[in-house]
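Q: I would like to learn how to read the main features of a protein model, one feature at a time. Could we go through them together?

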Amino acid sequence: MAMIFEQESRTFSEYLLVPNLTTKDCVPHRVDLTTAVVRYRKGKEKSRLRINIPLVSAIMQAVSDDGMAIALARSGGLSFIFASQPIASQVEMVRRVKKYKAGFVTSDANVMQDATLSDVLAVKARTGHSTIAVTSDGTATGRLLGIVTSRDYRISRTQLETPVKSFMTPFDQLVYAREGINLSEANDIIWDHKINQLPIVNDENELVAMVFRKDYDEHKENPYELLDAHKRLTVGAGINTRDYRDRVPALIDAGADILCIDSSDGFSEWQQETLTWIRNQYGDEVMVGAGNVVDAEGFRFLAKAGADFVKVGIGGGSICITREQKGIGCGQASAVMAVAAARDAWFRETGVYIPICSDGGIVYDYHMPLALAMGADFIMLGRYFARFDESPTRRLLVNGTYVKEYWGEGSNRARNWQRYDDGSSAEKDKMTFEEGVDSYVPYAGKLKVNLDVTLTKICSTMCACGSLTIQELQEKARLVVVSSTSIVEGGAHDVIQKESERRP
Ligand code: IMP
């Protein structure tokens, strides 16, 4: 007869944290949110990769491209760039993150010098930018011949067919700087010369980047920024169990700091084979996570196979219909606690600590400290990040409300068949049924603004539990299962609310 687990599986919303004594030194600004990402001998060495906040963005088309990766690494977290795209384009995204320098932007509004005012207006309309570089070949890296801004022409007086070269500020009259200058030096030049933008060129006078006065405040140093040993932003990338022999070397060559096998079910020989191949090729040099699993057996299988971290969660994602379609999965809170217990047992047996990542199912901010208290070392989020300006999807106005598009990797829209590949089909790109939906999420603005609030809440909860670090929270936390009526009691009740609002 089938084995039946004695306890039912539960979700985050079924638990609350019971406060511990908050000592006077336990205040939010003293909380340390750094956490280990990859396996290490706890007590003897430090993890080779630690992140400054315990949040990573999901390996999804609608969430993690280079734009998200830059924004999140600048705030101390880590993105895993989605794998359901050709190797070349994923590699290009990784390269863009590694090349990123705060405040130095690649010029995306460029024309050739025989362009006309009408071309300039078209570029302006397409990009939304009024500063346009005039380059030898009309690209962002051509030889810089001049700059056009809206001060150089009067739409009411200048003929549309007027050539750019007759009204641009030519190169010999431009204030520019050479490649190698740092941001604060570039800003000094902008202020000293009272200009709005500074082109950066190389020794051949080819355009390298632009620095804009308007970005000044935004690009001041960020204390949590997650940097590699060469002071470049840190970035992760998803891989699959099909084309890893080609994808992994390309991503490593592009500078990816860490990889993660992206699959809905990680308890499989496909994952074992992928991990073994990576270990044979690169030894321990390449850091790679695996998953997803929901129990001790799954964890031990991937730990033995060489995973650097293990991702936990099946069926809890907001866009996920795996449980409905296939009847597999487990309540996310129970899964995290079961895998955390297995991780601790593994540490006791081997001295090696393998961090675990709770993936999916975070609805409210308070679910995050709950996941950490239950044993997660860090948390992967899709819906949460999809709502921000920095996610790659379109912002739309639907029924008077701004929304962002958000679709599952198992939806027909993403067609990420490798993620759901059960090895049964020789036919590539085959997805017989969907395991994810195509949806909208409420638009929420800038990542940093929202993240700051979320992190403040996490720190505040940790202080209520008398903890200044994630490890302390895990050791001290006391959790209680709540009844459905006490969940009702937890929201505003028995009052007439002035306005109905959902608090994220
Ligand atoms: P969320 O944060 O609740 O939106 O969950 C995001 C997580 O859902 C991802 O990190 C994946 O593990 C998982 N996921 C992504 N796409 C799908 C899908 O189409 N079906 C099932 N799970 C998905």
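Q: How many helices and strands does the protein have?
A: Helices (H or I, at least four residues) and strands (E, at least two) are DSSP runs, numbered from the N terminus, and by that reading the protein has 14 helices and 24 strands. The radius of gyration, taken over C-alpha atoms, is compared with a globule rule of 2.2 Å times the number of residues to the power 0.38; here it is 25 Å, close to the 23 Å that the rule gives for 504 residues, so the protein is as compact as a globular protein of that length. This is a predicted model, in which local features need pLDDT of at least 70 and side-chain atom pairs count only at pLDDT 80 or more, while totals for chains, interfaces and linings use all residues. Residues are numbered from 1 along each chain as its sequence is written.

Q: Which residues have the most contacts inside the largest nonpolar core?
A: In soluble globular proteins, nonpolar side chains tend to be buried together. A nonpolar core is a set of buried Ala, Val, Leu, Ile, Met, Phe, Trp, Tyr and Cys residues joined through C-beta atoms within 7 Å, where buried requires 20 or more other C-beta atoms within 10 Å of the residue's own, with C-beta atoms placed from the backbone. The largest such core has 110 residues, and those with the most contacts inside it are V94, A237, V310, V336, V339, A371 and I379. Helix α9 (residues 332–350) gives the most to this core, with 9 residues. A second, separate core of 25 residues includes L144, I147, A186 and M210.

Q: Which residues of the shell around the ligand are the closest?
A: A residue is near a molecule if its C-beta atom, placed from the backbone, lies within 6 Å of it. The ligand is surrounded by 24 residues, of which the closest are G317, G382, G408, G410 and G436, and both β20 (378–381) and α11 (383–386) supply at least two residues of the shell.

Q: What is the strand order in the open sheet of 3 strands?
A: Strands of a sheet pair through backbone hydrogen bonds, either parallel or antiparallel, and two strands count as paired if DSSP finds at least two bridges between them. The order in this open sheet is β11-β12-β13, with mixed pairing, and its edge strands, each pairing on one side only, are β11 (177–178) and β13 (207–212). Strand β11 runs parallel to β12 (residues 197–201), to which 2 bridges join it, and R178 has V201 in β12 as its bridge partner.

Technical notes
Buried ≥ 20, exposed ≤ 12 C-beta atoms within 10 Å, placed from the backbone.
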